[in-house]
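Have the structure open while you read.

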Amino acid sequence: MLLRTSYIVLTWLLSSASPAKMVMLNLTLPGQHPDPESVVHDVHRRVNDSMARRQMLETMDSEDASCVTGNPIDDCWKCDPDWANNRQRLADCAIGFGQYALGGKNGEIYIVTDSSDDDAVNPKPGTLRYAVIQEEPLWIVFPANMLIRLSQELIFNSYKTVDGRGANVHIVGGGCITLQYISNVIIHNIHIHDCHPSGETNVRSSPTHWGWRTLSDGDGISIFGSKDLWIDHCSLSHCKDGLIDAIMGSTAITISNNYFSHHNEVMLLGHSDQYLPDSGMQVTIAFNHFGENLVQRMPRCRRGYIHVVNNDFTQWEMYAIGGSGSPTINSQGNRYIAPSNPNAKEVTKRVDTDHSKWRDWNWRSEGDILVNGAFFVASGEGLEVKYEKAYSVEPKSAAYIDLITWHAGVLGVGGRDNNLGEWNTRAKFQGSEAARPPSSTSPLIVFSAALSCLSLPLYTDIFASGKKRMAAALVKTYYIYLVPLIAAAAAPATPILLFLLGDVTGGVPKESSPHGNIEDAAEAIDDTFKDYIYSTALLQYIGLHPVNAINRMA
């Protein structure tokens, strides 16, 4: 880390002293690929292979066709029915410049059991902060839905994977995520939003080091002097500064399958026009959906080689792709849908630069789909030598773009949007009260409600036939059995009370019961509920969820 820091500082000093002479220096960054065009070609090959496989399976009417999407990243792991037990296979699925990011591959599985973040210097075992600062490789997972409200920026150590698959995980608050002078990090399937500046305090970055942090920008993910990084299937929105910023000699980065929304300055790549080490920055931006209420910087590039491939840009307010400092921008197989504003139809923007300077910049559009008057202003000479053709998506068909980006953002529970769904409303979320995830026993409530609905036709028949004491049957069934059952779902400590309740109601003689005698049909329903109460209470008492038990027996 010290060597890398010294390298960047020395280069910055030399470039500041004599920019003209620095042109002759070798500014190759650690992790920079010597042949970026070969990486571009490999991305196309992988997409071609996945699309061909999907088409072949559809022709054969194979059951696997519904799993294969044509997205080479998702097809690499999602078709495995046992992916939850083979999580680390994900590390073999990256494409583009960040494809060598190992994350926590071959490391231990770390389970986050504590969503708190009370102490940024001495984090508690079981918290996410405790995991990401460790020296050894770790594959970090979440056993349940979780809202992690950061007190300070979350500073990662190298060789970590944060894997949110199977849960609805939100990271919000101070910071948020900082990747500084590290390598080999994978962040997958996480909601990152409502991040604000923090700092002016001590924060731990490893088990042996903590130090003073100045005020952070409030980025969703801040990348500083780091390499071999992969950010995949995350949903990012509502941050103070950028959603993803990569600066100060960062390279070998893939940003894929993410959903960006509700933000002004979405993504910044490069520190400044004068910071020459960023000339070695290489970033792949693939299969993302740039969604609603975005303004600009998708991305905004300074220097480097940026491959923008097979993304869906659904409107912007100012521009989609901007840059300065002569970056190379290779736009291939994207769909750009311009806004209705006639003054904002251009996809591209050269920031604060005269035409005489940017006309030689290497900006190229190949196979892009331009919708609603969108237009891409290309530049540079001899581009046919520098750029590969976009073979991954036919320019006449937008269907492939829909297919490849259909699942952009967080997968599964919670979906791509960054609202808290049934947890909370945004108004409450922005307040001081922490949101709580839904109870894991909520399926029990659904099951109970369904069971009660099934009993309604029988009650209707009894009522239609003029049988007496219908009200008594309803009262007994719903208020003596169903209501306590729902209470048991909300409070795990009550199953023992259910035993007592079932014993008491079952032991009351019909003659002395306040409900009196009821008809045979109602008694049958009554017995069904009673049996369900006993079995549910027993399963909960021994620690097995009723719905899981049913699934195991099926």
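## Charges over rings

Start with Arg350: its charged end sits over the ring of Trp358, 4.2 Å from the ring centre. For a charge to sit over a ring, NZ of Lys or CZ of Arg has to be within 6 Å of the ring centre and within 35 degrees of the ring normal. Arg165 does this too, lying over the face of Trp77 at 4.5 Å from the ring centre.

A quick word on what you're looking at: this is a predicted model, where local features need pLDDT of at least 70 and side-chain atom pairs count only at pLDDT 80 or more, while totals for chains, interfaces and linings use all residues. Residues are numbered from 1 along each chain as its sequence is written, and side-chain values use heavy atoms, with hydrogens and water left out.

## Rings in pairs

A search of the whole structure turns up nine aromatic pairs. Rings of Phe, Tyr and Trp (its six-membered ring) pair if their centres lie within 6.5 Å; planes under 30 degrees apart are stacked, over 60 edge-to-face, and the rest tilted. Take Tyr181 and Phe224: their ring centres are 5.4 Å apart and their planes are at 90°, so this pair is edge-to-face. Tyr181 lies in the loop between β7 (177-180) and β8 (183-188) and Phe224 in strand β12 (residues 221-224), so the pair ties together parts that are 43 residues apart in sequence. Strands here are DSSP runs (E, at least two residues), and helices are too (H or I, at least four), numbered from the N terminus.

How buried or exposed are these two? Tyr181 is buried, at 16% relative accessible area, whereas Phe224 is partly exposed at 23%. (Buried means under 20%, exposed over 50%, and partly exposed in between, using a 1.4 Å probe and protein chains only.)

Now for Phe260 and Phe290: with centres 5.0 Å apart and planes at 10°, the pair is stacked. Phe260 is buried at 0% relative accessibility, and Phe290 is buried at 0% as well.

## Nonpolar cores

Phe260 turns up again in the largest nonpolar core, which has 65 residues; Phe260 is among those with the most contacts inside it, including Leu128 and Tyr336. Such a core is a set of buried Ala, Val, Leu, Ile, Met, Phe, Trp, Tyr and Cys residues joined through side-chain atoms within 4.5 Å. A second, separate core of 20 residues includes Trp77 and Met51.
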